[in-house]
Amino acid sequence: MSAALETVLARAGLKVTANEFLTLVEDAAKKLTSPQVDPGAHFTEAERRALTEAGLDLTPLSDSEVDARARTVAEQAVLRDTALSVNQAADRVGVDSSRIRHRISERRLIGWKDRGGWRLPAWQFSDTDVLPGLDAVLAMMPADQPALVLANFMTTPQEDLEIGDRPASPREWLLAGGDPQRVAELAATIGTPA
């Protein structure tokens, strides 16, 4: 299996061994809550009744159903593996590492602390600089959203952002020279009910 996994990782452009990747997956899985045998166990009888009447299915997963957390665990592992350290970000942008930490403190870059240092999601960078218009977008992004939610937003095609005749991700839009204000307006709605 490790040979097949290493092939998949290489095709995806991830510079990590199969064992390192599996460790990342294990770490991400441990951060999630344990599987709940009975999803309704957290609720009172009245709450279960109300949720069921609202159309929610509180029956436990069968043994044949895929655990929905698996995709999140894989995405979290990839986000973590592809994130840049402060030094890597500084090298990419061509500034001193203190400038990167300063940008993080001003929320002109986002990141999280991991294993004693900052990790910065790679979607924020082009090959040689910070994503064009990133300041405007980050100023409107809700600060309370997890890094994975922001990464998914920035890398998922949005119907409101078209390049040619196809929807583009906010990242693609900005790299193509699109108006950052359009992305910022969409970013401001992250985490709000539709």
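This is a predicted model: local features need pLDDT of at least 70, side-chain atom pairs count only at pLDDT 80 or more; totals for chains, interfaces and linings use all residues.
Three strands make up an open sheet, ordered 1-3-2, with antiparallel pairing. Strand 1 and strand 2 are the edge strands, and each has a single partner strand, so one side of each has no neighbour in the sheet. In general, strands of a sheet pair through backbone hydrogen bonds, in a parallel or an antiparallel way.

Now take the pairs in turn. Strand 1 and strand 3 run antiparallel and are joined by two bridges. Here Leu 84 stands opposite Leu 120 of strand 3. Strand 2 and strand 3 are also antiparallel, and three bridges link them. Lys 113 stands opposite Trp 118 in strand 3. Asp 114 has Gly 117 of strand 3 as its bridge partner. Strand 2 and strand 3 form a hairpin with two residues between the strands. In that hairpin, Arg 115 has a positive phi near 55 degrees. Most residues other than glycine have a negative phi.

Next comes helix 5, residues 86–93. Which residues of helix 5 are buried? They are Val 86, Ala 89, Ala 90 and Val 93. These four cover an arc of only 100 degrees around the axis, which puts them on the same side of helix 5. The spacing fits a general rule. An α-helix has 3.6 residues a turn, so residues three or four places apart point the same way. What covers the buried residues of helix 5? The cover includes strand 1 (84–85), helix 6 (97–105) and strand 3 (117–120). After helix 5 comes Gly 94, with a positive phi near 80 degrees.

The largest nonpolar core has 33 residues. Inside this core, Trp 123, Met 141 and Met 154 have the most contacts. Helix 5, helix 6, helix 7 (134–140), helix 8 (147–155), helix 9 (170–175) and helix 10 (180–187) each supply at least two residues of this core. Helix 8 gives the most, with five residues.

Neighbours within four places in sequence are set aside here. Met 154 is in contact with Trp 123, Leu 131, Val 137, Met 141, Ser 169, Pro 170, Arg 171, Leu 174 and Val 183. Another core lies apart from the largest one. This other core has eight residues, among them Leu 9, Ala 18, Leu 24 and Ala 77.

Two loop residues complete the tour. Arg 107 sits in the loop between helix 6 and strand 2 (112–114). Is Arg 107 buried or partly exposed? Arg 107 is partly exposed, because its relative accessible area is 25% and buried means under 20%. Phi of Arg 107 is positive, near 60 degrees, though the residue is not glycine.

Ser 126 belongs to the loop between strand 3 and helix 7. With a relative accessible area of 15%, Ser 126 is buried. Which residues touch Ser 126, leaving aside its neighbours within four places in sequence? Ser 126 is in contact with Arg 92, Leu 131, Arg 171 and Leu 175. Leu 131 and Arg 171 are also among the contacts of Met 154.

Technical notes. Residues are numbered from 1 along each chain as its sequence is written. Side-chain values use heavy atoms; hydrogens and water are left out. Buried means under 20% relative accessible area, exposed over 50%, partly exposed in between (1.4 Å probe, protein chains only). The arc is that of the directions from the helix axis to the C-beta atoms. Contact means heavy atoms within 4.5 Å. A nonpolar core is a set of buried Ala, Val, Leu, Ile, Met, Phe, Trp, Tyr and Cys residues joined through side-chain atoms within 4.5 Å. Two strands pair if DSSP finds at least two bridges between them.
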